[in-house]
Number of protein chains: 2
Amino acid sequence: MSDDLATRLREQGLRLTPQRQLILRAVEELGHATPDEVLAQVRSQVSSVNPSTVYRTLEVLEELGLVRHTHLSDRAPTYHSTTEHEHVHVVCRRCHAVRSYDADAVAPLVAALGADGFTVDIGHLAVFGECADCSATAAATPPPT
Amino acid sequence: MSDDLATRLREQGLRLTPQRQLILRAVEELGHATPDEVLAQVRSQVSSVNPSTVYRTLEVLEELGLVRHTHLSDRAPTYHSTTEHEHVHVVCRRCHAVRSYDADAVAPLVAALGADGFTVDIGHLAVFGECADCSATAAATPPPT
DNA sequence: CTTGATGCAAAGGGTTTGCACCATC
DNA sequence: GATGGTGCAAACCCTTTGCATCAAG
């Protein structure tokens with residue numbers, strides 16, 4: 001993994017730095033995390049890392065294909081490691097629960113768009129709606145967002 | 001339509017104002033528009049409307065079920081009228097082209113999640129990826145965002 | 001020792017909020 | 001005329017950028 005990082009960076013003439021290693025590790029540890037959460041996680045281990053470095057590094061890591069981002073809320077995006085299986089995020093608007101579904105849940109969609117030559121970015125997909133629990137419970141509460 | 005607005009507002013004990021009518025009309029005219037674009041459109045017809053009013057009104061209109069929003073970029077959300085057929089947005093990351101697909105493109109997905117009791121918010125769905133033209137053309141250009 | 005990476009601080013886009021005034025019902 | 005709506009300005013969150021300094025290769 002961190003080997004991967006070193007290799008891929010070198011391929012692009014980029015440099016391996018402690019920050020980059022720490023940020024990648026933080027994303028892997030956190031599962032799904034916003035830049036802010038990544039920063040906090042890194043700082044919990046090492047003292048000084050700068051927010052701008054987190055933003056810049058997440059961008060680099062995404063270009064290298066080591067992390068991906070998606071939007072699980074109307075706020076900050078969340079990053080996850082590509083070592084996880086490719087998956088689709090399903091988010092309940094009411095309780096904010098996030099479930100991951102295997103990529104083949106969207107296979108028909110991918111196929112349909114593929115017929116038009118469109119390549120779906122599966123990992124970025126976030127499906128919003130209302131989960132079973134909330135549909136049952138909150139019969140008449142106005143949905144947030 | 002504007003009848004709908006008046007009715008639904010009244011049902012909630014809310015008031016019908018010129019701003020609300022103008023903003024709803026702007027969304028209908030524009031198809032897909034960010035709050036900023038809605039503001040511009042409204043201002044092109046009437047002089048003074050405030051950005052905060054646009055934000056507040058779009059929120060109200062969405063609660064009333066008259067408009068919906070989705071995220072077609074990493075920037076501002078876009079709003080569209082619910083008088084349009086329910087549709088899914090498909091966005092090319094490279095050329096930013098947006099195509100709408102009929103809701104039944106995601107019928108299998110909706111069914112699969114429905115089996116788990118999850119109700120998909122179809123109108124909010126934005127599928128990112130790369131379109132046919134771009135896949136052909138930009139063979140080796142790094143994808144933005 | 002060259003060039004890419006970092007930290008810092010300031011600026012930027014987009015959105016929200018508090019409050020006084022205004023207008024719908 | 002009571003209460004909800006609007007405008008205005010300030011605050012806010014998240015992110016980007018310019019620049020001087022630092023360090024990986």
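Val120(A) stands opposite Gly129(B) in strand S6 of chain B, in a predicted model where strands are DSSP runs of E with at least two residues and helices are runs of H or I with at least four, both numbered from the N terminus. S5(A) and S6(B) run antiparallel and are joined by two bridges, and two strands are taken to pair if DSSP finds at least two bridges between them. In the other direction, Gly129(A) stands opposite Val120(B) in S5(B), and strand S6 (residues 126–130) of chain A pairs with S5(B) in the antiparallel sense, again over two bridges.

| Strand pair | Sense | Bridges |
|---|---|---|
| S5(A) and S6(B) | antiparallel | two bridges |
| S6(A) and S5(B) | antiparallel | two bridges |

S5(A) also belongs to an open sheet of four strands, ordered S5(A)-S6(B)-S3(B)-S4(B), with mixed pairing. Its edge strands, each pairing on one side only, are S5 (119–120) of chain A and S4 of chain B.

Turning to the interface as a whole, 32 residues of chain B are in contact with 32 residues of chain A, contact being heavy atoms within 4.5 Å. The two chains bury about 2,500 Å² between them, 62% of it on carbon and sulfur atoms; this area is the accessible area (1.4 Å probe) that two parts lose on being put together, summed over both.

The rule finds four salt bridges across the interface, each a side-chain nitrogen of Lys or Arg within 4 Å of a carboxyl oxygen of Asp or Glu. Asp121(A) forms a salt bridge with Arg93(B), with the closest N and O atoms 2.7 Å apart.

For chain A, an unreviewed UniProt entry lists Cys92(A), Cys95(A), Cys131(A) and Cys134(A) under "binding site". These positions span 43 residues in sequence, yet no two of their C-alpha atoms are more than 8.2 Å apart, so they gather at one spot. Cys92(A) lies in strand S3 (residues 87–92) of chain A. UniProt positions follow the numbering used here, and annotations may be inferred rather than shown by experiment.

Residues are numbered from 1 along each chain as its sequence is written, chains are lettered from A and ligands numbered from 1 in the order in which they are written. Local features need pLDDT of at least 70 and side-chain atom pairs count only at pLDDT 80 or more, while totals for chains, interfaces and linings use all residues, and side-chain values use heavy atoms, with hydrogens and water left out.
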